[in-house]
Amino acid sequence: SYMQDRVHVHRIRCWKFEIPVLRCIWHTLFPWTKHQIEYALGIRSELARIVREHQIEIIEATELWAEGFFYSYARQAPIMIKLHTPLFVLRSLNQMRQTLDWKIVDRIDRTWTCRADQIVSTISPTSMYRQERPNNL
């Protein structure tokens, strides 16, 4: 951890899990879901420890990769999500096809964002979706 502009910054390493029997399924069918779940699980316990030890008053995170998803179910401090460009918009701009894997990632991102105590953005949320917006948002 370090100080930057009077803010304590904590970088948390991603936790990797491997279950030999499921490894083939994870890596071939759901590589992005695996990445997202590993990332969110790695953050959960470390974030709880940091909040407890440093008496953190508020947590700021992005909606990308649902980094605080699991932590949000047993949160010890309010969560503020700062909106960036959602993954489904980035994929659309890069002409990447929608897969079941990405649908799961999008659903977890959306759920995580909805669990926030506060959402902030530097732009109007509707301007991000003007060009192409999925029906289920």
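Trainee: In this predicted model, why is Glu46 called partly exposed?

Mentor: The relative accessibility of Glu46 is 26%, and since buried means under 20% and exposed means over 50%, a value in between makes Glu46 partly exposed.

Trainee: What makes the contact of Glu46 with Arg49 a salt bridge?

Mentor: The closest N and O atoms of Glu46 and Arg49 are 2.4 Å apart, and the cut-off for a side-chain nitrogen of Lys or Arg and a carboxyl oxygen of Asp or Glu is 4 Å, so the pair counts as a salt bridge. Both residues lie in helix 2, 3 residues apart, which is about one turn of the helix.

Trainee: Why is Arg49 described as partly exposed?

Mentor: Arg49 has a relative accessible area of 29%, and because that value falls between the limits of 20% and 50%, Arg49 is partly exposed.

Trainee: How do you know that Arg49 and Glu53 are separated by about one helical turn?

Mentor: Arg49 and Glu53 are 4 residues apart in helix 2, and therefore about one helical turn separates them. Their side chains also meet in a salt bridge, with 2.6 Å from N to O, so that Glu46, Arg49 and Glu53 are linked in a network of salt bridges.

Trainee: What makes Asp117 and Arg75 a pair that links distant parts of the chain?

Mentor: Asp117 forms a salt bridge with Arg75, the closest N and O atoms being 2.7 Å apart. Asp117 sits in the loop between helix 4 (100–114) and strand 5 (118–120), while Arg75 sits in the loop between strand 3 and strand 4, and the two are 42 residues apart.

Trainee: Turning to the largest pocket, which residues are the closest to its centre?

Mentor: The largest pocket holds about 930 Å³ of space, and of the 28 residues that line this pocket, the closest to its centre are His8, Val9, His10, Ile59 and Glu60. Helix 2 gives the most to the lining, with 5 residues, and the lining divides into 14 nonpolar, 7 polar and 7 charged residues.

Terms used:
Residues numbered from 1 in each chain as written. Predicted model: local features only at pLDDT ≥ 70, side-chain atom pairs only at ≥ 80, totals over all residues. Heavy atoms only, no water. 1 Å grid on protein atoms, 1.4 Å probe; cavity = no way out; pocket = protein on both sides within 12 Å on 5 of 7 lines; lining within 4 Å. Points joined across faces, edges and corners; volume = space filled by probe spheres on them. Nonpolar A, V, L, I, M, F, W, Y, C, P; charged D, E, K, R; others polar. Buried < 20%, exposed > 50% of the residue type's maximum accessible area, 1.4 Å probe, protein only.
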